[in-house]
Amino acid sequence: MNKVDAAVLDFVVEVLEDKKAKDIKILNVKDITLIADYFVICSGTSTTHIKALADEVEQKLKERGVRLHHVEGYGSARWILMDYHNIIVHIFHRDDRLFYNLERVWADAEEVLQDENGGA
């Protein structure tokens, strides 16, 4: 993982943790797909919480000069996908996360473990 990716991943996780996202996982998918290098997957507790998580990630990354390429699902706020080119952030409602189960779909991906300081 290059330093830029690691810094962005760490920062995304930090922002999500600060806003009380649930069950945050990072998957390294770069060897199994061309769409991204990493998925960050987490859950929110309500549609309001899910939108707040997405808004905070977008705002904080924008402040650091990292621009959002594309977003989907914001209107319904059951599964918001935020595309930052090589990093895709998936913010789910708990029920939808269980239903779509990306961790199973992308089971060949390596989970990036966070160190004791919260970094990837």
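Let's start with helix H2 (residues 47-63), which lies across strands S2, S4 and S5 (87-93) and runs at about 10° to S4. Keep in mind as you look around that this is a predicted model.

The strands under discussion belong to an open sheet of 6 strands with mixed pairing, in the order S3-S4-S5-S2-S1-S6. Strand S3 (70-72) and S6 stand at the edges with a single partner strand each, so one side of each has no neighbour in the sheet. In general, strands of a sheet pair through backbone hydrogen bonds, in either the parallel or the antiparallel sense.

Now walk through some of the pairings. S3 is joined to S4 (residues 79-84) by 3 bridges, and the two run antiparallel; here Val-71 stands opposite Met-82. Strand S1 (residues 22-28) pairs with S2 (residues 38-44) over 5 bridges, again in the antiparallel sense, with Lys-22 opposite Ser-43. S1 is also joined to S6 (residues 110-111), by 2 antiparallel bridges, and there Asn-28 faces Glu-110.

Next, turn to the rings. The whole structure holds 4 aromatic pairs. One of them is formed by Phe-39 and Trp-106, edge-to-face, at 5.2 Å centre to centre and 90° between the planes. This pair links distant parts of the chain, 67 residues apart: Phe-39 is in strand S2, while Trp-106 is in the loop between helix H4 (102-105) and S6. Phe-39 has 2% relative accessibility, so it counts as buried, the cut-off being under 20%.

Elsewhere, ring pairs link Trp-79, Phe-92, Phe-99 and Tyr-100 into a cluster. Finally, have a look at Phe-11: the charged end of Arg-64 sits over its ring, 3.6 Å from the centre.

Notes. Residues are numbered from 1 along each chain as its sequence is written. This is a predicted model: local features need pLDDT of at least 70, side-chain atom pairs count only at pLDDT 80 or more; totals for chains, interfaces and linings use all residues. Side-chain values use heavy atoms; hydrogens and water are left out. Two strands pair if DSSP finds at least two bridges between them. Helices (H or I, at least four residues) and strands (E, at least two) are DSSP runs, numbered from the N terminus. Contact means heavy atoms within 4.5 Å. Axes are lines fitted to C-alpha atoms, for helices over the stretch in contact, and angles run from 0 to 180 degrees between N-to-C directions. Rings of Phe, Tyr and Trp (its six-membered ring) pair if their centres lie within 6.5 Å; planes under 30 degrees apart count as stacked, over 60 as edge-to-face and the rest as tilted. Buried means under 20% relative accessible area, exposed over 50%, partly exposed in between (1.4 Å probe, protein chains only). A charge sits over a ring if NZ of Lys or CZ of Arg is within 6 Å of the ring centre and within 35 degrees of the ring normal.
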